[in-house]
Amino acid sequence: MEQLSQYGVIFNIQRFTIHDGPGMRTELFFKGCPLRCEWCSNPESLMPYPQIGVYKTKCIREKHCGSCKEVCPQSDALIFTRGKLSAIDRNACTNCLKCQETCPSDTLKLWGETLSVEACMEKIRRDKGYYERSGGGVTVSGGEPLLQSEFVARLLAACKAEGFHTCVESSLFLDWKKIQNVLPYTDLIISDIKHMDPVIHKRYTRVSNDKILNNLRRLAQEKSEIILRIPVIPNVNDDHGNITATADFIINELGGNIRTLQLLSFMRLGEEKYASLGLHYPMQGVKLNRRTFQKHINSIAEYFNQRGIHCVVGTKEK
């Protein structure tokens, strides 16, 4: 347990973000996620360990370099097409990361590194002045950061000790104990309601929504400050029946105790990252008229506001 609390696996630290919590923030993205949402734009977040992505257009060709092949203990794991490294056989790869360490051309991108609490705090402190001027702070996201809840609790405790506002963005598909670990050090929680029907939810995310909804009920009872989001996905969760059921849940079972409901419009993002990891992008065939779809989302926001739920389109309050 102590070892788990000392280090976290993080794939990105983004400074000056304004989308996940109030003010200007530093956001840490943790690896590992129990869901497999078909519209996920961060496939590099799914697995809980560091991974290598292949960007073949940057390869300077095997005959001019070949350094990756020289250090790879399973050289047949490296797949070359027309002399350029084009993919990695993930079944043969031992994930030793040696090829990425020696690559001179950024063909191989490392997604994920193991960091201590203090290493994270060194980066967080750089923006202290921005937090103070904007009312910002620190957000942990993912993936699912609370899969590493012992480490996150230590990190957030360190942030609170230095006066930084803290936010946790979580799927809430977790045992309550993992959520409870971080609540004493968390000012704001951001989570999604992807669908109210457990069968449809499982079809598109591979997990039921029962645990998520139960945790939301419990957080509302605890009077936690919550921002809820709906990633609005065409022909998945944007029908009137699901929208009505979501409003009923927020009003009747959460007591309306949310700060804001944010509607996030589906965007085809992350396709290049899927390719770099040798993964199929599930939403590849989805096409829509952006203007028409945006009007549809605006009408959904209007419906929620009519029901007395403060709802905005996007991640910033007007």
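Helices, of at least four residues, and strands, of at least two, are DSSP runs numbered from the N terminus. The exercises below apply these terms to a predicted model.

**Exercise 1. The chain as a whole**

Task: State how many helices and strands the chain contains, and determine whether the chain is as compact as a globular protein of its length.

Solution. 
Step 1. The chain holds 12 helices and 13 strands.
Step 2. For 318 residues the globule rule gives 20 Å, and the radius of gyration of the chain is 21 Å. These values are close, so the chain is as compact as a globular protein of that length.
Step 3. The C-alpha trace spans about 65 × 45 × 35 Å along its principal axes.
Step 4. Consider contacts between residues at least 6 apart in sequence: 72% of them join residues at least 24 apart.

**Exercise 2. Surface and charge**

Task: Describe the accessible surface of the chain and the placement of its positive and negative side chains.

Solution. 
Step 1. Of the 318 residues, 49% count as buried.
Step 2. The accessible surface amounts to about 15,200 Å², and carbon and sulfur atoms account for 49% of that area.
Step 3. There are 42 positive and 35 negative side chains in the chain. The centres of the two sets are 4 Å apart.

**Exercise 3. The nonpolar cores**

Task: Identify which residues of the largest nonpolar core touch the most other members, and which helix contributes the largest share of this core.

Solution. 
Step 1. The largest nonpolar core has 69 residues, and those touching the most other members are Ile124, Leu155, Leu216, Leu228, Leu261, Leu263 and Phe304.
Step 2. Helix 6, residues 149–161, supplies the largest share of this core, with seven residues.
Step 3. Apart from this core lies another one of 12 residues, including Cys72, Leu78, Leu85 and Cys103.
Step 4. Ile124 can be examined individually. Its contacts, leaving aside neighbours within four places in sequence, are Thr26, Leu28, Tyr131, Val138, Leu155, Cys159 and Phe164.

**Exercise 4. Buried or exposed?**

Task: Classify Ser67, His201, Asp106 and Arg206 as buried or exposed from their relative accessible areas.

Solution. 
Step 1. A residue counts as buried under 20% and as exposed over 50%.
Step 2. Ser67, in helix 2 (residues 67–71), has 12% relative accessibility and therefore counts as buried. Its contacts beyond four places in sequence are Thr102, Cys103 and Pro104.
Step 3. His201 lies in helix 8, and its relative accessible area is 3%, so His201 is buried. Beyond four places in sequence, His201 touches Lys194, His195, Arg206, Val207, Ser208, Asn209 and Ile212. The C-alpha atoms of His201 and Asn237 are separated by 9.1 Å, although these residues are 36 places apart along the chain.
Step 4. Asp106 has a relative accessible area of 54%, so Asp106 is exposed. Arg206 reaches 63% and is therefore exposed.

**Exercise 5. Backbone angles in loops**

Task: Give the phi angles of Asp106 and Arg206, and state what kind of peptide bond joins Gly142 to Gly143.

Solution. 
Step 1. Asp106 occupies the loop between helix 3 (98–102) and strand 6 (108–111). Its phi is near 65 degrees, which is positive in a residue other than glycine.
Step 2. Arg206 occurs in the loop between helix 8 (198–205) and helix 9 (210–221). Phi of Arg206 is near 75 degrees, again a positive value in a residue other than glycine.
Step 3. The peptide bond from Gly142 to Gly143 is cis, and its omega is near 10 degrees. Gly143 is part of the loop between strand 8 (137–141) and helix 6.

Notes:
Residues are numbered from 1 along each chain as its sequence is written. This is a predicted model: local features need pLDDT of at least 70, side-chain atom pairs count only at pLDDT 80 or more; totals for chains, interfaces and linings use all residues. Side-chain values use heavy atoms; hydrogens and water are left out. The radius of gyration is taken over C-alpha atoms; the globule rule is 2.2 Å times the number of residues to the power 0.38. Buried means under 20% relative accessible area, exposed over 50%, partly exposed in between (1.4 Å probe, protein chains only). Contact means heavy atoms within 4.5 Å. Accessible areas come from the Shrake-Rupley method with a 1.4 Å probe; for residues, only the protein chains shown count as cover. Lys and Arg count as positive and Asp and Glu as negative; His and the chain ends are not counted. The place of a charge is taken as NZ of Lys, CZ of Arg, CG of Asp or CD of Glu. A nonpolar core is a set of buried Ala, Val, Leu, Ile, Met, Phe, Trp, Tyr and Cys residues joined through side-chain atoms within 4.5 Å.
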